[in-house]
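Dear colleague,

I am passing on the structure below, and after it you will find some notes to read beside it.

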Amino acid sequence: MEVTLLGSVYGLSPFSLQRVCNAGFSSFKSNTRRQTYRVTAINPVEYLKTHGGARRIRKNEDGAAVAKMVESPYSKVETASPDLHKSLSDFLEEARDFVGDDDGPPRWFSPLECSSQAQGSPLLLFIPGIDGTGLGLVRHHKKLGEVFDVWCLHIPDSDRTPAKDLVNIIERTVRSENHRFPNRPIYLVGESIGACLALDVAARNPNIDLALILANPGDSLTARLDALTNELAVHQMSGVSGGMLRDLFAVSANLPTLSRIFPKDTLLWKLELLKSAVASANSHIYAVRAETLILLSGRDQWLLNEEDINRYSRTLPKCIVRKLKGNGHFLFFEEGVDLVTIIKCTCFYRRGKSHDHLSDYIMPTRYELKQQLDNHKLQIGATTSPVYLSTLEDGKIVRGLEGIPSEGPVLFVGYHMLLGLELIPMISQILKERNIHLRGLAHPMLFLDGQDVCVDPQIFDKFKLIGGVPVSKFSIYKLLSSKSHVLLYPGGIREAFHKKGEEYKLFWPEQPEFVRVASKFGAKIVPFGVVGEDDICHFVLDSDDQRNIPFLKDFMEEATRQAGNVREGDETELGNQKCYLPVILPKIPGRLYFYFGKPIETAGKGKELKDKDKAQEFYLQVKSEVEQCIEYLKMKRESDPYRHLLPRMMYQASHGGSSEIPTFDL
């Protein structure tokens with residue numbers, strides 16, 4: 001475990017980011033097994049973002065433009081391995097270098113795994129829990145280090161600094177770094193004791209731009225340490241077979257390390273420290289102005305004190321609460337808990353004063369994309385083996401996505417399937433095959449994350465992870481001006497929440513909303529259609545049916561109120577669309593079909609399309625192209641011998657599971 005030492009917090013000189021090679025914790029004693037704690041320079045690197053498509057343009061020696069194909073890093077996403085590899089065992093192994101021999105003061109260090117952060121990354125200060133090692137995020141170091149400048153606070157096990165002095169230590173660092181970089185937000189990540197200390201620091205510094213990530217905060221934590229110390233008194237650090245220490249002592253090879261991290265006198269001190277930190281945080285919580293993300297262990301009833309959490313969510317002005325179902329005591333060490341992914345899905349990452357859905361967006365990793373595809377397959381049953389068709393510049397229809405323009409700005413305009421069933425496979429396939437990231441304009445309700453929303457906000461995580469942006473005139477303007485590939489559904493939630501018998505019907509507004517902004521930037525418009533929802537699910541209850549069921553009617557009214565109206569003032573049905581959850585039953589899955597029509601040029605038409613009549617004519621042309629794409633697919637799928645599941649399964653059984661399944665003749 002290599003670290004970058006940032007200096008003793010009790011030193012008289014201010015903190016320095018200067019790295020000196022071969023420096024180390026001065027109080028660490030050398031022995032044959034101890035690794036070197038060297039300090040080295042960390043050079044910021046540009047965070048790698050994916051723009052454009054797989055076709056790149058370069059120039060020959062004679063100046064002629066030549067297209068060069070570049071393989072997408074997402075092309076083999078199905079074989080992606082998990083982003084996080086370390087576990088509780090790794091923490092205990094690395095903690096051996098941090099405990100037992102060190103009697104120095106608390107200090108900050110920066111793990112070398114966190115050395116690849118992008119330029120302009122926010123600062124993240126990790127405040128440890130009961131262990132005090134500062135290694136509580138060891139499982140997340142590498143991934144966090146790509147988007148944050150990570151510092152961790154190490155509190156030696158023999159240290160007895162009281163809570164108020166620990167708060168002073170953290171506060172001095174926060175103020176120093178805020179003075180050096182006043183426009184850079186500072187994240188305080190704390191678990192148990194660290195969460196309480198972070199709240200106290202935020203309360204004392206309301207004018208500093210802080211963001212808090214708190215794991216299992218609350219008065220119930222005192223019960224946790226009470227239980228720990230009681231068990232230790234009974235079992236004397238050996239033979240523990242259950243209760244609060246079961247997860248720790250399952251790793252029997254590290255019992256000596258545990259005994260050094262958690263001697264009984266240290267645990268008793270930590271209990272008093274926690275009680276003091278909780279009391280102080282509770283007395284100052286009303287002064288906290290920082291935005292806060294609270295992470296809760298859903299499986300651990302010792303920690304899930306609903307009263308505490310409700311009080312926090314009501315008191316803290318900008319608070320998001322995430323209950324991580326199926327996770328227990330040690331959140332940051334458990335499978336399925338990825339802190340960076342959670343930050344992405346809650347739109348909690350920012351480099352400035354507020355989150356910018358464009359500039360602060362972080363691309364999904366290959367494994368994150370794989371998880372979304374796997375989840376989508378589980379939701380709709382077995383694989384639907386989607387068929388993707390596109391149109392070349394000469395009008396030829398081909399299988400695959402070769403006809404999609406590589407260089408932006410490009411505006412994709414099409415039909416929104418029931419509940420957006422087409423989104424994950426479509427965006428993922430374009431990313432895999434063409435290395436083009438499609439930024440979808442989404443209803444603002446997908447970004448609601450409060451305690452009082454009608455549905456669990458986590459069901460919308462996938463849309464934020466793959467790059468959804470709240471729909472607005474400003475969003476489409478900014479995306480097209482940055483030459484992005486943008487996805488727009490003019491029918492919006494009216495199509496996504498359509499009624500029985502309205503499959504494949506467009507509900508577009510009368511006004512040509514996107515034509516002028518597309519022409520302003522010379523964007524190419526790609527009309528597209530998608531069919532297959534009627535082969536995947538059977539509609540049981542639509543909005544008309546639910547109005548006749550009292551509790552569903554109440555739910556629908558409340559959901560509509562919370563979602564808001566993006567078409568305020570529109571008196572048509574588009575401006576009065578109800579938000580509800582359609583009741584559907586799955587079918588034996590058929591097949592999804594996507595058809596991207598020939599791109600329509602707007603370059604050079606800006607002046608012409610300023611004319612209202614010309615813009616309306618152009619708008620109706622695009623709408624007609626989308627309708628033709630839908631009709632083409634509905635007709636052609638009738639001749640697809642692999643439209644139904646059984647023929648597809650038989651084909652893959654004889655040709656291999658990864659083989660591409662044929663479709664109708666083009």
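Strand β5 (residues 123–127) pairs with β7 in the parallel sense over five bridges, and within that pairing I186 of β7 is the bridge partner of L123. On β7 there is also a parallel pairing with strand β8 (residues 210–215), over six bridges, where L188 has L212 as its bridge partner. Strands here are DSSP runs of E with at least two residues, helices are runs of H or I with at least four, and both are numbered from the N terminus; two strands pair if DSSP finds at least two bridges between them.

Please keep in mind that this is a predicted model, in which local features need pLDDT of at least 70 and side-chain atom pairs count only at pLDDT 80 or more, while totals for chains, interfaces and linings use all residues. Residues are numbered from 1 along each chain as its sequence is written, and side-chain values use heavy atoms, with hydrogens and water left out.

Strand β7 (residues 186–191) is largely enclosed by the rest of the structure, because six of its six residues are buried (under 20% relative accessible area with a 1.4 Å probe, protein chains only; exposed is over 50%, partly exposed in between). I186, L188 and G190 cover one side, and Y187, V189 and E191 the other.

Best regards
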